[in-house]
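This briefing covers one protein chain. Please look through the sequence and the model before reading the points below.

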Amino acid sequence: MAGIIAAQPNELGFTGAAPGATIGMYKVSGCGGTTTNEMIAAAINMAYEAGSHIISMSAGDDSGWSSDPWAVSASRVAAAGTPLIIANGNSGDLGLWYPATPASGREVTAVGSVENTVVPMLLERGLYAVNNG
């Protein structure tokens, strides 16, 4: 994500979307990958208080409720004018309307992807003839 945003012009011929951007990072989980409500809320608040123009995060918990503490923290920062772009979660098997929190917050942009099990194919009809004409 950091490279997509802030990559400087380079010999490979690509530049990030905002090459002059300053990126802040906050570690909220231990080696096991788990965290707590207060750690996520603290990180959201720290990013806001640091003056972040946009907060992007890929952390979540299977909740889906906008009243969850993580979602409330995100909602408050979004309502104050700082956009939050948050991963929608990895539990699509729980249903279409089941986002992870804090992506379930109000005024938060929830972003997700899908993994298609069918590879689409583009077929093109063509004609070929061999003759003397």
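Two strands count as paired if DSSP finds at least two bridges between them. In S3, Ile 85 is the bridge partner of Ser 56. The model is predicted. Its mean pLDDT is 84, and 94% of the residues reach 70 or more.

**Confidence**

- Strand S2, residues 61–62, has the lowest mean pLDDT among the elements, at 74.
- Helix H3, residues 69–79, has the highest, at 92.
- Where pLDDT is low, predicted coordinates should not be read in detail.

**The sheet**

- Three strands make up an open sheet, and their order is S1-S3-S5.
- The pairing in this sheet is parallel.
- S1 and S5 (109–111) are the edge strands, and each pairs on one side only.
- From one strand to the next, the twist averages 15 degrees.
- S1 and S3 run parallel and are joined by three bridges.
- H2 packs on the sheet, where it touches S1 and S3.
- The direction of H2 makes about 150 degrees with that of S1.

**Helix H2**

- H2 spans residues 37–49, which gives it 13 residues.
- From its first C-alpha to its last, H2 reaches 18 Å, close to the 18 Å expected at 1.5 Å a residue.
- Which residues of H2 are buried? They are Ile 40, Ala 41, Ala 43, Ile 44 and Ala 47.
- Why do these residues lie on the same side of H2? They do so because they cover an arc of only 160 degrees around the axis.
- The cover over the buried residues of H2 includes strand S1 (55–57), H3 and strand S3 (84–87).
- Glu 38 and Glu 49 are exposed, on the face of H2 turned away from its buried side.
- Just after H2 comes Gly 51, with a positive phi of about 90 degrees.

**The loop between H1 and H2**

- Ala 21 sits in the loop between helix H1 (2–6) and H2.
- Ala 21 has a relative accessible area of 34%, so it is partly exposed.
- Leaving aside residues up to four places away in sequence, Ala 21 touches Ile 5 and Ala 6.
- Ala 21 and Gln 8 are 13 residues apart along the chain, and their C-alpha atoms are separated by 9.8 Å.
- Thr 36 is also placed in the loop between H1 and H2.
- Thr 36 counts as partly exposed because its relative accessibility is 33%.

**The loop between H3 and S3**

- Thr 82 is placed in the loop between H3 and S3.
- Is Thr 82 buried or exposed? Thr 82 counts as buried, because its relative accessibility is 8% and buried means under 20%.
- Thr 82 touches Tyr 48, Ser 52, His 53, Ile 54, Ile 55 and Val 77, not counting residues up to four places away in sequence.

Key
Residues numbered from 1 in each chain as written. Predicted model: local features only at pLDDT ≥ 70, side-chain atom pairs only at ≥ 80, totals over all residues. Heavy atoms only, no water. pLDDT = per-residue confidence, 0-100. Helix = DSSP H or I, 4+ residues; strand = E, 2+ residues; numbered from the N terminus. Expected span 1.5 Å × (residues − 1). Buried < 20%, exposed > 50% of the residue type's maximum accessible area, 1.4 Å probe, protein only. Arc of directions from axis to C-beta. Contact = heavy atoms within 4.5 Å. Axes fitted to C-alpha atoms, helices over the stretch in contact; angles between N-to-C directions.
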